[in-house]
Amino acid sequence: MSVTTVAAPAVSSPATTAAAAGSPAAGPGRAPLPVLGADVRVPLVTGGEVAYAALDYAASAPALRRVWDDVAAYAPYYGSVHRGAGHLSQLSTELFETSRATVAAFLGCREDDQVVFTRSTTDSLNLLAAALPAGTRVHVFETEHHAALLPWQRRRDCHVTHLPAPRTHRQAVAALERALADATPQGPALVCVTGASNVTGELWPVRELAAVAHAHGARIVLDAAQLAPHHPVDIAELDVDWVAFSGHKLYAPFGSGVLAGRADWLREAEPYLAGGGASRTVTRGADGAVTVDWHTTVARHEAGSPNVIGAYAIASACAALTEAGFEGLVAREQELVTRVREGLAAVPGARVLSLFGDDAPRVGVISFVVDGWNSSHLAAALSAEYGIGVRDGLFCAHPLVRTLLGGGPEEPGECGAAGTAAGEAPLGALRVSFGAGTPDEHIERFLRAVRELVRDGARWTYRTEGGRCVPVKD
Ligand code: PLP
């Protein structure tokens, strides 16, 4: 195999191997996209084993088979990016930059937008926070994931306003309108909003919020960590200034994330990390002082050796979702959403958490509580007795989950018996989340398991360990 014949297609078209891998297009009634881990079997406490049902996509989604194949095809040609004179260095540099272009196209970036490769959504939003002009007034709903809620308040020279949880899209838009109209003095302002909640899966009125922000001279960043894997995101059409997302939630778990959008604030900010790659020239003056001339391009915030595999994996995932037909993927996921919501509605005592009500558009992220059940107990039983991986707790969105639960104790409850006393708010919720790789069987098994556990109780004994329920070993 010669380097050029194998590596060239991978560079010019990320994920060309996908066509060869034969990913079926998804759509209503069609098969899910192939993902790794589909054949992994896990032991049950009750004996035997079962194929693992990964229903925690909102935390980290399994890798698309195609992403894995693309990365594997490139791996032998891996080389240093931006530094080396060798053939593989040049090839890797080209792959890195082609990946940037693929992501820009996936997000519908405008001509002068930049795509910065970061480690994750958290990293992207911290980068933007570090780049805010001094005195920026930041407006953020208290319902955000902590990654979107917290970075701004570390900037002591900026001012953060937390907007209370709205109960309708209209309230959200009106609250922002009021906050921006009231904001004095005028100056740079930023609004941060999520595209889809990591707790309720509900979509936020991003376009409307962007219009309000811009009408008041503010900018807006979209936390698309939960939106991008489930729904096309078009930065120009939504008219947002920046978009942030994570590779590992977009079927590309290789340690990269993205901050895409306006270049000016980033260009004028101090480099996020000081080091090689971000610096154009470093000189030592006659007085011995070292002075640095920093890049003003995207390299300014990508100091250190870039994660070319992570960037390529994201580009491969973007290409895979686009080529599979995102509309079809959305339609299939919506069928699963309906099935889960209808299934949970039929479980006595189950309550799905929602900010915007039953009719709100949403993605495949659904949190719920069941009367008399500690969510950690239910999650442990789903795993130990049915081989189903979900998540329980407050999902790094503590203010939102506490609002939706109506308060709740700060300390974990005991598992085993009823999780909460009558009339007391539960400690946390249980979240089931799924996407392009989820087979129908996982959803059916999940619903059957919840029905059986709520009707018959757990078949195993559990105890509390470090605040979590775990099965008691034989
Ligand atoms: N924003 C939302 C809405 C999320 O759901 C998450 C992670 O769950 C994040 C941001 C942070 O993503 P990461 O942990 O990949 O930085």
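## Strand β4, a covered strand

Strand β4 is mostly covered, with 5 of its 5 residues buried; buried here means under 20% relative accessible area, exposed means over 50%, and partly exposed is in between, using a 1.4 Å probe and protein chains only. Strands (E, at least two residues) and helices (H or I, at least four) are DSSP runs, numbered from the N terminus. Please keep in mind that this is a predicted model, in which local features need pLDDT of at least 70 and side-chain atom pairs count only at pLDDT 80 or more, while totals for chains, interfaces and linings use all residues. Residues are numbered from 1 along each chain as its sequence is written, and side-chain values use heavy atoms, with hydrogens and water left out.

Both faces of β4 are covered. Gln 114, Val 116 and Thr 118 are buried on one side, and Val 115 and Phe 117 are buried on the other. Val 116 lies in this strand, which spans residues 114-118, and has a relative accessible area of 0%. On pairing, DSSP must find at least two bridges between two strands for them to count as a pair. β4 is joined by 5 bridges to strand β10 (residues 257-261), and the two run antiparallel. Within β10, Leu 259 stands opposite Val 116. Val 116 and Leu 127 are 11 residues apart in sequence, and their C-alpha atoms are 9.8 Å apart in space.

Follow the chain on to Ser 120, which sits in the loop between β4 and α5 (121-131). Ser 120 is buried too, at 18% relative accessible area. Its side chain reaches the backbone nitrogen of Asp 123 at 3.1 Å. A polar contact is a pair of N or O atoms within 3.5 Å; within protein, one must be able to donate a hydrogen and the other to accept it, and residues adjacent in sequence count only if both atoms are side-chain atoms.

Now to β8, residues 219-223: 5 of its 5 residues are buried, so the strand is largely enclosed by the rest of the structure. Arg 219, Val 221 and Asp 223 are buried on one side of β8, with Ile 220 and Leu 222 buried on the other.

Strand β7 (residues 189-194) pairs with β8 in the parallel sense over 5 bridges, and Thr 194 stands opposite Asp 223. Together with helix α8 (residues 206-215), β7 and β8 make a right-handed β-α-β unit; right-handed means that, with the strands pointing away from the viewer, the path from the first strand over the helix to the second runs clockwise. β8 is also joined by 3 bridges to strand β9 (residues 242-246), again running parallel. Here Trp 242 in β9 is the bridge partner of Val 221.

## Around the ligand

There are 14 residues surrounding the ligand, and the closest are Thr 122, Asp 223, Ser 246, His 248 and Lys 249. A residue is near a molecule if one of its heavy atoms lies within 4 Å of it. By class, this shell has 3 nonpolar, 9 polar and 2 charged residues. Ala, Val, Leu, Ile, Met, Phe, Trp, Tyr, Cys and Pro count as nonpolar, Asp, Glu, Lys and Arg as charged, and the others, Gly among them, as polar.

A polar side-chain atom of Thr 122 lies 2.5 Å from an oxygen atom of the ligand, while a polar backbone atom of Thr 121 is 3.5 Å from a ligand oxygen. Asp 223 places a polar side-chain atom 2.6 Å from a nitrogen atom of the ligand. The protein covers 88% of the 390 Å² of accessible area that the ligand has on its own, with areas from the Shrake-Rupley method and a 1.4 Å probe.

## Positive phi values and a hairpin

Most residues other than glycine have a negative phi. Asp 239 has a positive phi, near 60 degrees; Asp 239 lies in the loop between α9 (235-238) and β9 and is partly exposed at 33%. Cys 396 also has a positive phi, near 55 degrees. Cys 396 is in the loop between β16 (391-393) and α14 (398-405), partly exposed at 41% relative accessibility.

Strands β11 (residues 279-284) and β12 (residues 290-294) pair in the antiparallel sense over 5 bridges, with Thr 283 opposite Thr 291 in β12. The two strands form a hairpin with 5 residues between them, and Gly 288 in the turn has a positive phi of about 90 degrees.
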